[in-house]
Amino acid sequence: MSLRPGGPGVKPQGPFVHPALFYRDDAEYLGGTVPFVQAGRAAGEPVAVAVPGRRLELLRDALGPAAREVTWLDMAEAGRNPGRIIPGVLSAFADRHGSGRVRIIGEPVWPGRTATEYPACAQHEALINLAFAGRGVSILCPYDTAGLDEVALADARATHPVLIDRDGEHVSGDFAPHRVISAYNRPLPEPAGAVAMRFDMDALPRVREFACHWAARLGLRADAVGDMELAVSELAANSCLHGGGSGTARLWSEEGQVVCEVSDAGTITDPLAGRRPADMSPHGGRGILLVHHLADLVRVHTGPAGTAIRVYLRA
């Protein structure tokens, strides 16, 4: 059995192509990914593969000498924060190759993603469709149907206009990326044992000191305390400038991570805020972009009542 994304089948409705590959085992994985890479190389298109470690080695071995012509990234590291994938992996590769067409295999959802991480993964897959609309980019996203639950597979059908499985390619009748973006914009669960500080513009130096002090006390490794300080500094400044002039910072520990939440009265109206490269962000969001690059995970809830952004760093 061979799955052939990139060959004959469903025709894209524009220059951007974003299929999901549903696979059940290694054979189906290779049957869908190897032809995708080979078709890209035959067309002279630069190809990148960003998948979790074991799948990375599996595909690299299957390609043999042709693997030298591919850019390889371990998604478990490069994309451990899903909010970093669009600017730091996908756009970074596409922009590096100018206006020509590129191909990318990106697997941001895999068995082992935690329940805390998953909503950010689903939103990321939906936001790809906004970030690359009109661009000459093909992004194939594999989904392990044997290891993922039905929620993840249903979300894949909603975030990808084309599905590829053992029966071939077909249009997804459930494609509705904006619904997924909205569905996972949920109020974040209340933490236990958080310490809190209110701040305004005059208190920005003190909120940075507060974040450093409590991040260290909560067990954040010394080399990451500076990252937490910088993240809190950016988010608190955003609150003062765009979120009503003040906000609240809270810190706590959770499942081997130190978490800081900065909340304020503002509303984020741009769904791609913090996910565009800095020089392509006309609506701001540069502070959030930096936070995405610093953090192991970022969760956001925004609405008319205000915005809360949580930054997770491994302790």
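The C-alpha centres of domain 1 and domain 2 lie 28 Å apart. The domain assignment places domain 1 at residues 19-184 and domain 2 at residues 195-314. The model is predicted. Its protein chain has an average pLDDT of 93.

**Domains**

- Domain 1 puts 19 residues in contact with domain 2.
- Domain 2 answers with 20 residues of its own.

**Confidence**

- In the protein chain, 93% of the residues reach a pLDDT of at least 70.
- Residues 1-12 stay under 50 in pLDDT. The model still gives this stretch 34 contacts beyond four places in sequence.
- Residues 280-284 also have a pLDDT below 50. Here the model shows 6 contacts beyond near neighbours in sequence.
- Where pLDDT is low, predicted coordinates should not be read in detail.

**How helix packing is described**

- Two packed helices are characterised by the angle between their axes and by the distance between those axes.

**Helices α1 and α2**

- Helix α1 covers residues 26-42, and helix α2 covers residues 53-63.
- Their axes are 10 Å apart, and the packing angle is about 60°.
- Angles from 65 to 115 degrees count as roughly perpendicular and those under 35 as roughly parallel, so α1 and α2 are oblique to each other.
- The α1 and α2 crossing is right-handed.
- On the α1 side, the contact uses D26, Y29, L30, T33, V34, V37 and Q38.
- On the α2 side, R54, R55, L58, L59, A62 and L63 meet them.
- Sorted by class, this contact of α1 with α2 holds 8 nonpolar, 2 polar and 3 charged residues.

**Helices α5 and α6**

- Helix α5 runs over residues 118-131, and helix α6 over residues 150-159.
- The axes come within 9 Å and cross at roughly 15°.
- An angle under 35 degrees counts as roughly parallel, so α5 is roughly parallel to α6.
- The crossing of α5 and α6 is right-handed.
- Helix α5 contributes Y118, A122, E125, A126 and N129 to the contact. Helix α6 supplies V151, A152, D155 and T159.
- The class count for α5 with α6 is 5 nonpolar, 2 polar and 2 charged residues.

**Helices α8 and α9**

- Helix α8 spans residues 204-217, and helix α9 spans residues 222-242.
- Their axes come within 9 Å, with a crossing angle of roughly 145°.
- The crossing of α8 and α9 is right-handed.
- From α8, the residues in the contact are L204, V207, R208, A211, C212, A215 and A216.
- From α9, the partners are V225, M228, E229, V232, S233, A236, A237 and C240.
- By class, the contact of α8 with α9 comprises 12 nonpolar, 1 polar and 2 charged residues.

Terms used
Residues are numbered from 1 along each chain as its sequence is written. This is a predicted model: local features need pLDDT of at least 70, side-chain atom pairs count only at pLDDT 80 or more; totals for chains, interfaces and linings use all residues. Side-chain values use heavy atoms; hydrogens and water are left out. pLDDT is the predictor's confidence in each residue, from 0 to 100. Contact means heavy atoms within 4.5 Å. Axes are lines fitted to C-alpha atoms, for helices over the stretch in contact, and angles run from 0 to 180 degrees between N-to-C directions. Helices (H or I, at least four residues) and strands (E, at least two) are DSSP runs, numbered from the N terminus. Angles under 35 degrees count as roughly parallel, over 145 as roughly antiparallel, 65 to 115 as roughly perpendicular and the rest as oblique. A crossing is left-handed if the near helix is turned anticlockwise from the far one by less than a right angle, and right-handed if clockwise. Ala, Val, Leu, Ile, Met, Phe, Trp, Tyr, Cys and Pro count as nonpolar, Asp, Glu, Lys and Arg as charged, and the others, Gly among them, as polar. Domain bounds come from an automatic or database domain assignment.
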